[in-house]
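Student: Can we go through this model together? I'd like to start with how its pieces pack.

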Amino acid sequence: MSDRVPGAGPEDIGLPAEQLPAASGPLTGQSAAEPEIPPAPRSNQLIREILRGSVVTTILAIVAAMVAGGILIAVTDENVQAAAGYFFSRPGDTFVAIWQSVSGGYYAMFQGAVINPEANSFIKFIRPLTNTLGFAAPLIAAGLGVALAFRAGLFNIGARGQMLIACATAALVTFNLDLPMWIHLPLTLIAGIIGGAVWGGIAGLVKARTGAHEVILTIMLNYVALYLLSWMVRTPGLLRKPDQNQPISAATPESAQFPSLFGPQFPLLNWGFPVVILATLIVWWLIEHSSLGFRLRAVGENPHAARAAGISVQRMYVYAMVLAGALAGLAGMNQILGSVTSGFDGGIDAGIGFDAITVALLGRSRAWGTFWAGLLFGALKAGSFTMQAAEGIPVDIVLVVESMIVLFIAAPPLVRSIFGLPKDDSERSPRARARIARKRAATEQKAVAS
């Protein structure tokens, strides 16, 4: 006799058993299946892979780039080329010429970027370091903007446009005002930061509303900003300098300029650098210790998981781009309130907007990492002029070194291969991973048996 209760089976209601869903819930002892969270988008995974590199890998990437730069210095040196012509008869001359060209070039860079050991006064001795700090200030600010967007999973390629709009906004709003410095300078600074924030926020809003890729948006907005600013400086009554036919803006009012930090003997170092240090502190606290920073990092790790946890991904995209644009605007203010006060045009960004991407990558998108990376690139820029003046080495060599740093930072497996470092599991072949797993299992079995 069957123990089945009549009316309780699927066939009693006319359906085969395999078509009914499995019962779940507290009364059945079976828990409902959790909704499966999709993996992070490939762009987020790529950012995470780049940022997970260790300090050792970063240092080795810089070393590899410097070695590549040294090779270029040697290859382009006339003395090396002359000595190479009789290499097989006297090879030592070629190696001596290579050493002299490379060591001389990098010594000149050190002399122009850190200290000048041959100076006859303390001011000249320490001036190279102050030049480095002055060049680094806008690089750090723009780099922080790119880094903050990276932490939210966004590629902000629009720092250039954000800088240009910040400069245009500050000039339109405050350059014609006659105010005391304690009002004029902060007002100009705030106006520029707001201009950059609005321009960055446009990209974030379009990204959030339509899902358009931020790389395309920010690149196109760079061109919009460039041509808009170029039109402004050509148009009388907007930004063009009065009684001037050249497309250039009016000079920055003296009451809106950053005062020199240590006096006129250090012309490149002004109060913009302490402002950048303050910005670094704010970004560090915001990303690492605030609830907004936690949500931004969560979206950067996996926006699908963040959305499942109740975080508004679209809102975080807008916040991230607004903050990134504000920091790029600060970089623009360092330019027109400190470095270039005689008037500006579409080239006021001086390539800083794109160098900021390198700075953020080198700093692993951490606030203080970006700060030190900005100092390094400021030193490269300050030292490149001395290299050219003292050794005749083209400034383009430094640009090659910067590009090589980007290449090695973006490809940690390449750095590990060059220096023979151990590979990650993800870089090994399936056969190698299986072999390592068997060795680990065998070791664990021996440990249990003993």
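Tutor: One term to begin with: contact means heavy atoms within 4.5 Å. Helices (H or I, at least four residues) and strands (E, at least two) are DSSP runs, numbered from the N terminus. Buried means under 20% relative accessible area, exposed over 50%, partly exposed in between (1.4 Å probe, protein chains only).

Student: What do the buried residues of H4 pack against?

Tutor: They pack against helix H2 (55–76), helix H3 (78–84), H5, H14 and helix H15 (396–410). Among the buried residues of H4 are Thr94, Ala97, Tyr106 and Met109.

Student: Where do these coordinates come from, and what's the numbering?

Tutor: This is a predicted model, where local features need pLDDT of at least 70 and side-chain atom pairs count only at pLDDT 80 or more, while totals for chains, interfaces and linings use all residues. Residues are numbered from 1 along each chain as its sequence is written, and side-chain values use heavy atoms, with hydrogens and water left out.

Student: How many helices and strands in the chain?

Tutor: There are 17 helices and 0 strands. Of the 450 residues in the chain, 44% are buried.

Student: Back to helices. How many residues of H6 are buried?

Tutor: In H6, 12 of the 16 residues are buried, including Gln162, Met163, Leu164 and Ile165. Their cover includes helix H5 (122–151), helix H7 (181–210), helix H8 (214–234), helix H12 (313–339) and helix H13 (352–362).

Student: And what span should H6 have?

Tutor: The 16 residues of H6 (residues 159–174) should span 22 Å at 1.5 Å a residue, and the end C-alpha atoms are 22 Å apart, which agrees. The expected span is 1.5 Å times one less than the number of residues.

Student: At what angle do H9 and H14 cross?

Tutor: The axes of H9 (residues 272–289) and H14 (residues 367–391) cross at roughly 150 degrees and come within 8 Å. Axes are lines fitted to C-alpha atoms, for helices over the stretch in contact, and angles run from 0 to 180 degrees between N-to-C directions. H9 and H14 are therefore roughly antiparallel (under 35 degrees counts as roughly parallel, over 145 as roughly antiparallel, 65 to 115 as roughly perpendicular, the rest as oblique).

Student: Which residues make the contact?

Tutor: Phe273, Ile277, Thr280, Leu281, Val283 and Trp284 of H9 meet Ala367, Trp368, Phe371 and Leu375 of H14.

Student: Last one: is asparagine 270 buried or exposed?

Tutor: Asparagine 270 is buried, at 9% relative accessible area, and sits in the loop between H8 and H9. A polar atom of its side chain lies 2.8 Å from the backbone nitrogen of glycine 272.

Key:
A polar contact is a pair of N or O atoms within 3.5 Å; within protein, one must be able to donate a hydrogen and the other to accept it, and residues adjacent in sequence count only if both atoms are side-chain atoms.
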